Amino acid sequence: MPRNRKKKAAGAAADAATRNGGAQQAAAAAASTIKAPPPPSAERAEKLKTMGGKAFKAQQYEVAMTCYTRAIDMAEALGSAAPPAPFTAACHMNLGTCCAKMGDDDAALAQFDAAIALDASYTKALFRRASTLHRVARTADAMDDLKRLIALDREFPGARSLLKRVLEDGGAAAPQASNGGGGGTAAA
């Protein structure tokens with residue numbers, strides 16, 4: 001049979017198969033070859049967090065948010081096999097930073113709250129929450145976070161300049177740094 005006739009015959013056979021339910025069989029065969037996603041693992045959660053960081057650096061905030069959200073979900077699904085709480089806290093903090101970059105301060109604050117709930121001494125999350133609180137004119141709350149931050153790390157980068165801005169905008173008295181004797185001096 002010449003080549004053109006073979007192509008025509010194959011096309012006619014495909015058309016006939018489609019008319020006779022062959023398309024359904026083809027779809028079923030294709031569906032059976034689709035692999036289910038691999039089970040959750042701590043390594044995959046770490047990889048998602050890393051991918052989120054790369055997307056964030058490329059200013060692809062929505063992609064980063066998806067990666068961080070999936071990493072959090074995976075860590076929660078792992079239960080006792082999950083990475084330690086600081087991992088999940090970092091994912092929440094990074095997710096909050098993405099939200100802030102996209103202008104969603106309420107969502108950012110919710111993520112910073114989640115990070116701090118998991119790790120109360122997470123200075124970076126305290127700083128970012130204080131910055132966001134200051135931006136939305138919640139200066140008293142920003143001052144509370146700055147007090148906690150400075151008590152944990154007196155030299156945290158940017159804390160003094162944010163403290164100065166909060167005080168200029170009507171924040172309460174400057175936080176006191178402990179000198180071991182119960183007193184202290186102003187941190188600003």
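User: Where does Glu62 sit in this predicted model?

Analyst: You'll find Glu62 in helix H4 of the predicted model.

User: What makes Glu62 count as buried or exposed?

Analyst: Its relative accessibility is 58%. Exposed means over 50%, so Glu62 counts as exposed.

User: And Gln111, why is that one called buried?

Analyst: Gln111 comes in at 18% relative accessibility. The limit for buried is under 20%, so Gln111 counts as buried. Gln111 lies in helix H6 and touches Ile72, His92, Met93, Leu95 and Gly96, leaving aside residues up to four places away in sequence.

User: Why are H5 and H6 called roughly antiparallel?

Analyst: Helix H5 (residues 85–101) and helix H6 (residues 105–118) pack at an angle of about 165°. Anything over 145 degrees counts as roughly antiparallel, so that's the label H5 and H6 get. Their axes are 8 Å apart, and H5 passes H6 in a left-handed crossing. On the H5 side the contact includes Ala85, Ala89, His92, Gly96 and Cys99, and on the H6 side Asp105, Ala108, Gln111, Phe112 and Leu118 are among the residues involved.

User: What kinds of residues make up that contact of H5 with H6?

Analyst: They divide into 12 nonpolar, five polar and one charged.

User: How do you know that H4 and H5 are roughly antiparallel?

Analyst: Go by the angle again: helix H4 (residues 61–78) packs against H5 at about 155°, with axes 9 Å apart. The cut-off is over 145 degrees, so H4 and H5 are roughly antiparallel to each other. H4 passes H5 in a left-handed crossing.

User: Which residues meet between H4 and H5?

Analyst: From H4, the list includes Tyr61, Met65, Tyr68 and Ile72; from H5, it includes Phe87, Cys91, His92, Leu95, Cys98 and Cys99. The residues of this contact divide into 12 nonpolar, four polar and one charged.

User: How many disulfides are there in the whole structure?

Analyst: Zero, going by a search of the whole structure.

User: What makes Cys98 and Cys99 buried?

Analyst: The cut-off is under 20% relative accessible area. Cys98 has 0%, so it is buried, and Cys99, at 6%, counts as buried too.

User: What share of the residues counts as buried?

Analyst: Of the 188 residues, 35% do. As for contacts with a separation of 6 or more, 52% are between residues 24 or more positions apart.

Methods: Residues numbered from 1 in each chain as written. Predicted model: local features only at pLDDT ≥ 70, side-chain atom pairs only at ≥ 80, totals over all residues. Heavy atoms only, no water. Disulfide = S-S within 2.5 Å. Buried < 20%, exposed > 50% of the residue type's maximum accessible area, 1.4 Å probe, protein only. Axes fitted to C-alpha atoms, helices over the stretch in contact; angles between N-to-C directions. Helix = DSSP H or I, 4+ residues; strand = E, 2+ residues; numbered from the N terminus. Parallel < 35°, antiparallel > 145°, perpendicular 65-115°, else oblique. Left-handed = near helix turned anticlockwise from the far one by under 90°. Contact = heavy atoms within 4.5 Å. Nonpolar A, V, L, I, M, F, W, Y, C, P; charged D, E, K, R; others polar.
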